[in-house]
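Subject: Handover of a structure and findings

Dear colleague,

Please find below the structure that I am handing over to you.

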Amino acid sequence: MQIFRHTENLPAAARGAVVAIGNFDGVHRGHQTVVAAAQAEARRLGVPLCVLSFEPHPRSLFRPDDPPFRLTPFRIKARLLEALGVDLHVVLHFDQAFAARSAEDFIETVLVGALGARHVVVGYDFCFGHRRAGTPETLTAFGRLLGFGVTIVTQASDETGGLFSSSRARELLAEGDTRGAAEILGRPWEIEGRVEHGDKRGRELGFPTANVELGDFLRPAYGIYAVRCAVDEGGPLAWHDGVANLGIRPMWRTEAPLLEAYLFDFSGDLYHRHLRVQLVEWLRGEEKFDSLEALVAQIDRDCEAARQVLAR
């Protein structure tokens with residue numbers, strides 16, 4: 001997948017594609033439906049499949065004081081889109097100047113002028129342009145005038161009628177319902193990052209942990225999780241079962257929330273390597289114990305609980 005961070009002077013091979021537009025935070029099953037519709041149209045027309053997204057996420061611009069909310073920061077989103085078969089990923093910088101552009105200007109300058117879109121695919125609730133004045137119906141009207149097709153994808157839901165949405169996935173993760181969030185995402189939710197040195201408390205207790213800062217990731221419910229972890233070095237992944245503390249660690253309080261993962265039956269050096277951690281199931285909340293002995297005994301129970309969960 002080729003990634004372009006601007007629309008100026010795009011190569012000829014990047015023009016004339018079917019373009020799916022959205023933020024795609026989470027790349028959940030609803031987003032996957034949009035991409036699949038675009039892929040089907042691209043194959044029918046014999047042209048590339050392009051995703052057009054925006055960084056930073058518009059919510060970061062309009063609500064800068066919000067706590068971190070991203071389900072999939074850019075690196076992860078790009079990887080997931082590539083896995084769906086996307087050929088081109090155009091990422092537009094979203095700032096005040098971009099937000100002030102009219103819907104008509106966006107269509108004429110970006111979609112037609114820069115991308116030469118053959119067909120555009122959006123979700124039913126897609127809005128764009130200054131004050132979100134542009135709608136899917138706006139795209140359809142301009143498509144008739146300017147010569148590109150438009151597909152509007154309806155709301156996707158599961159067998160019980162539950163809607164696939166980024167907001168709902170965030171809510172479930174905040175409640176500790178990782179399996180509910182996984183149903184929306186189509187996979188377990190992951191946090192990933194470079195393993196950093198910590199204060200070695202886990203090693204002293206007999207449970208050496210890989211410490212990953214949360215960065216721009218959403219803060220899910222704090223507590224103990226059954227997890228699966230893998231080092232991502234660009235090749236095949238080897239997943240390892242484990243247990244993790246995510247939060248502020250009440251026994252030795254941290255200034256910022258931290259993910260500390262203990263991998264079962266693993267002896268390699270993880271420092272400064274890129275670790276992916278799937279949060280499979282929330283086991284319990286964080287606690288402060290009266291003694292180190294009580295803490296170690298609880299960690300043993302957490303490990304056993306995680307092993308049982310991950311063996312299902």
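The notes below concern a helix, a pocket and a group of aromatic rings. Please bear in mind that the model is predicted.

Helix α6

Helix α6 spans residues 136-146, and its buried residues are Pro-136, Thr-138, Leu-139, Phe-142 and Gly-143. These residues lie on the same side of α6, because the arc they cover around the axis is only 145°. An α-helix has 3.6 residues a turn, so residues three or four places apart point the same way. The packing partners of the buried residues of α6 are α5 (103-114), β5 (119-123) and β6 (149-153). On the face turned away from the buried side, α6 carries the exposed residues Glu-137, Arg-144 and Leu-145. After the helix comes Gly-147, which has a positive phi near 90°.

The largest pocket

The volume of the largest pocket is about 1,300 Å³. It is lined by 44 residues, of which Asn-23, Asp-125, Phe-126, Cys-127 and Arg-132 are the closest to its centre. Helices α1 (29-45), α2 (58-62), α4 (96-99) and α7 (166-174) are the elements that each give two or more residues to this lining.

Aromatic pairs

The model contains 10 aromatic pairs. One of them joins Phe-106 and Phe-128, whose ring centres are 5.5 Å apart; with 50° between the planes, the pair is tilted. Phe-106 belongs to helix α5, while Phe-128 sits in the loop between β5 and α6, so the pair ties together parts that are 22 residues apart in sequence. Both Phe-106 and Phe-128 are buried.

Phe-128 also pairs with Phe-126: the ring centres are 5.4 Å apart and the planes stand at 15°, so this pair is stacked. Phe-126, like Phe-128, is buried. Phe-126 is also among the residues closest to the centre of the largest pocket.

Which residues do ring pairs link into a cluster? The members are Phe-54, Phe-62, Phe-94, Phe-98, Phe-106, Phe-126 and Phe-128.

Yours sincerely

Notes
Residues are numbered from 1 along each chain as its sequence is written. This is a predicted model: local features need pLDDT of at least 70, side-chain atom pairs count only at pLDDT 80 or more; totals for chains, interfaces and linings use all residues. Side-chain values use heavy atoms; hydrogens and water are left out. Buried means under 20% relative accessible area, exposed over 50%, partly exposed in between (1.4 Å probe, protein chains only). Helices (H or I, at least four residues) and strands (E, at least two) are DSSP runs, numbered from the N terminus. The arc is that of the directions from the helix axis to the C-beta atoms. Contact means heavy atoms within 4.5 Å. On a 1 Å grid over the protein atoms alone, a cavity is a set of points where a 1.4 Å probe fits but cannot get out, and a pocket is an open set with protein on both sides within 12 Å along at least five of seven lines; lining residues have an atom within 4 Å of a point. Grid points are joined across faces, edges and corners, and a volume is the space filled by probe spheres set on the points. Rings of Phe, Tyr and Trp (its six-membered ring) pair if their centres lie within 6.5 Å; planes under 30 degrees apart count as stacked, over 60 as edge-to-face and the rest as tilted.
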